[in-house]
Amino acid sequence: MNDVAKCGICGEPMPAGEEMFKFHGYSGSCPKPSLPKPGKTQEQIQQQAAQLIADAEAAGMVVTIDLKALQPLAMGNHQMVAEVQPRHPY
Ligand SMILES: [Zn+2]
């Protein structure tokens with residue numbers, strides 16, 4: 001296990017005990033300035049996902065994205081894990 005929760009604002013690894021939150025704030029303000037890129041909109045991510053699926057299908061691959069629970073177990077404390085495999089014809 002090598003999962004370090006990162007702050008959604010500055011991208012710094014979160015201190016122990018604060019992994020259940022998405023941002024710094026519990027232990028103080030972010031040690032770094034905000035990430036330069038603002039996040040994409042849900043619609044943009046959805047479009048990218050559709051494109052990813054189309055690319056995978058064109059290449060004969062199957063993409064699965066799972067949610068893996070992180071410690072400590074808490075609502076929203078998980079990370080996405082993508083897997084790419086060749087598509088079997090059965
Ligand atoms: Zn931060």
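User: Why is Ser-29 called exposed?

Analyst: In this predicted model, Ser-29 has 10 other C-beta atoms within 10 Å. A residue counts as exposed if that number is 12 or fewer, so Ser-29 is exposed. Ser-29 sits in the segment before α1. Its C-alpha atom is separated by 40 Å from that of Asp-55, 26 residues apart along the chain.

User: Why is His-88 called exposed?

Analyst: The cut-off is 12 or fewer, and His-88 has 7 other C-beta atoms within 10 Å, so His-88 is exposed. His-88 is found in the segment after β2 (78-86). Between the C-alpha atoms of His-88 and Glu-43, the separation is 31 Å.

User: How do you know that the span of α1 agrees with what a helix should have?

Analyst: Helix α1 covers residues 42-58, which is 17 residues. The expected span is 1.5 Å times one less than the number of residues, so α1 should span 24 Å, and its end C-alpha atoms are 24 Å apart. The two values agree.

User: What makes α1 hardly covered?

Analyst: A buried residue needs 20 or more other C-beta atoms within 10 Å. Among the 17 residues of α1, the count of buried residues is 0.

User: What makes the bond between Gln-71 and Pro-72 a cis peptide bond?

Analyst: Its omega is about -5°. Most peptide bonds are trans. Pro-72 lies in the loop between β1 (61-69) and β2.

How values were computed: Residues numbered from 1 in each chain as written. Predicted model: local features only at pLDDT ≥ 70, side-chain atom pairs only at ≥ 80, totals over all residues. Helix = DSSP H or I, 4+ residues; strand = E, 2+ residues; numbered from the N terminus.
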